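Subject: Structure handover

Hello,

Here is the structure I said I would pass on. My notes follow below it.

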Amino acid sequence: MLEIENLVTEFATRDGVVRAVNGVSLQIGKGEILGVVGESGSGKSVLGYSILGLVDPPGRIASGSVRLDGRQLAGMPDEDMRHIRGKRIAMVFQDPMMTLNPVLSIETQMVETVLAHEGISRKLAIERSIEALNLVGIASPERRLKQYPHEFSGGMRQRVAIAIALLHRPEVVIADEPTTALDVTVQGQILYEMQRLVRESGAALIWITHDLSVVAGLADRVAVMYAGRIVEQGTTQEVLYAPRHPYTRGLLDSVPANNEGSARLRQIPGMTPSLARLPEGCAFRERCSHADAKCFSMPEMTNRVRCHHPLC
Amino acid sequence: MLALDKVSKCFFKRLDAVEKLARKLGANVSEHAVHAVDGVSFEVGQGEVVGLVGESGCGKSTVGRLACGLLEPSEGTVRYKGADIRGIPVRAVQMIFQDPFASLNPRMRIEDIVGEAPLVHGLVSKKEIESYSCELLQQVGLDPSYRRRYPHQFSGGQRARIGIARALAVKPEFLVCDEAVAALDVSIQAQVLNLFMDLRERLGLTYLFISHDLGVVRHLARRVVVMYLGRVVEIAPAAELYAAPNHPYTQALLAEVPRLDKKRRVFAPIKGEIPSPLAPPSGCHFHPRCPHAMERCVHEVPALREVAPGRVSACHLNG
């Protein structure tokens, strides 16, 4: 349904042009959940913004295509994009206060969202909003609708943000680390709600996160991003239990709950390289224990992994 | 080494001008009291790593601040090596804060951030300060040639290391880590957790490790204290707690930890959120969310009782 091909998103900076997303290809079908995993600076959030056409100058989509049911979204005029954004593709951000306006009541914000895409009466719009709040598990929605964002807890705010994203029953939902700032118990609740809503509505969900253990119980397929490129892609089963890229292996070893007792965690040495000064060839080369002379050339994506020395 | 004995901390919401006026005119307005911490007792032995776990708003950070003397308890005592610390910070007890962005002064160079405190305490002379801060930066795995830079020039993981170097600068024996790795990516988190373990071995440090993430705590702590809405609900050796949690709240928390070995599953979360400490539920604070709640839980506060050697839990289910 959503097809991304060779997408390149560039930012012009003082240090030259930086490619935050560098030739990413992905497909996601109806009712499917795709986990996009990567560290800060791997380009996973910019990928989300690029799909929605939210990349502002100095950034731009330099090449590649984003197709929704065959219709090209990359480079679409703003006016047309506005009919798709929020209606057919919606996004949930990490910080719900980025979505919610602190000085407007929840009702004003939800009704505004409904009326932006549909010419219905205000009364109907309020009914739709109440229904959406019910859907994400907010108790007494009629009363909550009159309140302001500061009267909600962090988890509740995120639920409101999700309710707003789901108002128009979008076909694709992009969730950018929506549970990172929340407690584990609330994270569990949000994961549960999202999973249920996606299964019920048949929407496609792209879940962006830095934590592989979050997507383990959620996603059908996982794509691992490093320095703007997808380095490994496969079913959750394959990526988590038989990782082929040394970077994926490193990420899995870093999860504390995955290690028993108080042994040292097997960490990945060093840190994500700056996109402005990427090493030549494979970007992971300098942190990789398998690297050799071959790695000075960029490996191609073969058999779901982009590596000269795949594991397994 | 550090002992908290029935420590409580109350915060008061002061009356604003209108409320004061209303009271003068005879209205029934009084100050709101929030029991952030309610009768918490536990000990941390020399060289031990104790994990303190709970959701946001359960009072775990307040306990951390009480433990290092940043706050004075309303009731009870906090003793460090037998001496009552009464809200007076002790040099030997240092704190590492959660947010590596907010806890460093953006206008100070790294060498000043790290070097200021030991200079004030007279641990090193002005002449030695440069080599001393270099040594500290090296100890936490930062290149000393970065010492003239400002905090904004560092990544989140590097800033966490700077915060650790700052705490180590005054030669502490006891570190209170308040969500010290919560803001970091999983891969960077692993590096910082390893650093904590190395430092403990090298310098013989004792930790009180505060976190909402049971997975992280499991990795470091020998003993775990679980808090809910200001009260301790369970204290147990880490291995036993993770193998067989006793309190229903601990069970629920453990069930929510995302794990890699959990395959596609339906998430079945505990209901609701932590209630407001302004109006805590009666009896056992956990009863509105507890699947095993009974009549008794609504009226009676369960006491902490021993369920196994070295293991206490506050639940009526234990008889």
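A residue counts as buried if 20 or more other C-beta atoms lie within 10 Å of its own, and as exposed if 12 or fewer do. The model is a predicted one.

B:Lys171 is not a glycine, yet has a positive phi of about 50 degrees. Its place is the loop between H5 and strand E7 (174-178) of chain B. B:Lys171 counts as exposed, because it has 12 C-beta neighbours inside 10 Å.

A:Ala227, also a residue other than glycine, has a positive phi near 50 degrees. A:Ala227 sits in the loop that links strand E9 (221-226) to strand E10 (229-235) of chain A. Buried or exposed, with 23 other C-beta atoms within 10 Å? A:Ala227 is buried.

Most residues other than glycine have a negative phi, and most peptide bonds are trans. The bond between A:Pro57 and A:Pro58 is cis, with omega about 10 degrees. A:Pro58 belongs to the loop between H1 and E4 of chain A.

Chain A has an open sheet of four strands in the order E2-E1-E4-E5, with antiparallel pairing. Its edge strands are E2 (16-28) and E5 (71-72) of chain A, each of which pairs on one side only. Between strand E1 (residues 2-13) of chain A and E2(A) there are 10 bridges in the antiparallel sense. One of the bridge pairs is A:Ala12 with A:Val17, the latter in E2(A).

Helix H1 (residues 44-52) of chain A lies across E1, E2 and strand E4 (59-68) of chain A, and runs at about 70 degrees to E2(A). H1(A) is mostly covered, with seven of its nine residues buried. The buried residues of H1(A) include A:Lys44, A:Val46, A:Leu47 and A:Ile51. A:Ser45, A:Gly48 and A:Ser50 in H1(A) are buried too. Just after H1(A) comes A:Gly53, with a positive phi of about 65 degrees.

Chain A: strand E3

Strand E3 (residues 33-37) of chain A has five of its five residues buried, so it is largely enclosed by the rest of the structure. Both of its faces are covered: A:Ile33, A:Gly35 and A:Val37 lie on one side of E3(A), and A:Leu34 and A:Val36 on the other.

Which strands does E3(A) pair with? E3(A) runs parallel to strand E8 (residues 204-209) of chain A and is joined to it by five bridges. E3(A) also pairs with E9(A) in the parallel sense, over four bridges. A:Val36 has a bridge partner in each of these strands: A:Ile208 in E8(A) and A:Ala223 in E9(A).

The nonpolar core

The largest nonpolar core holds 173 residues, and the members that touch the most others are A:Leu205, A:Val224, B:Ala67 and B:Phe209. Helix H7 (residues 154-166) of chain A gives the most to this core, with eight residues. Leaving aside residues up to four places away in sequence, B:Ala67 touches B:Leu2, B:Leu4, B:Val78, B:Val93, B:Val176 and B:Leu208.

Chain B as a whole

Chain B has 10 helices and 12 strands. Its radius of gyration is 21 Å, close to the 20 Å that the globule rule gives for 319 residues, so chain B is as compact as a globular protein of that length. The C-alpha trace of chain B spans about 65 × 60 × 40 Å along its principal axes. Of its 319 residues, 45% count as buried. Among contacts in chain B with a separation of 6 or more, 66% are between residues 24 or more positions apart.

The contact between the chains

The contact takes 37 residues from chain A and 38 residues from chain B. On the chain B side, the elements that give two or more residues are helices H5 (156-168), H6 (186-203), H7 (214-220) and H9 (248-256) of chain B. H6(B) gives the most to that side, with nine residues. By class, the side of chain B that touches chain A has 16 nonpolar, 11 polar and 11 charged residues.

Regards

How values were computed. Residues numbered from 1 in each chain as written. Chains lettered and ligands numbered in written order. Predicted model: local features only at pLDDT ≥ 70, side-chain atom pairs only at ≥ 80, totals over all residues. Contact = placed C-beta atoms within 7 Å. Nonpolar A, V, L, I, M, F, W, Y, C, P; charged D, E, K, R; others polar. Core = buried A, V, L, I, M, F, W, Y, C linked by C-beta atoms within 7 Å. Pairing = 2+ DSSP bridges. Axes fitted to C-alpha atoms, helices over the stretch in contact; angles between N-to-C directions. Rg over C-alpha atoms; globule rule 2.2 N^0.38 Å.
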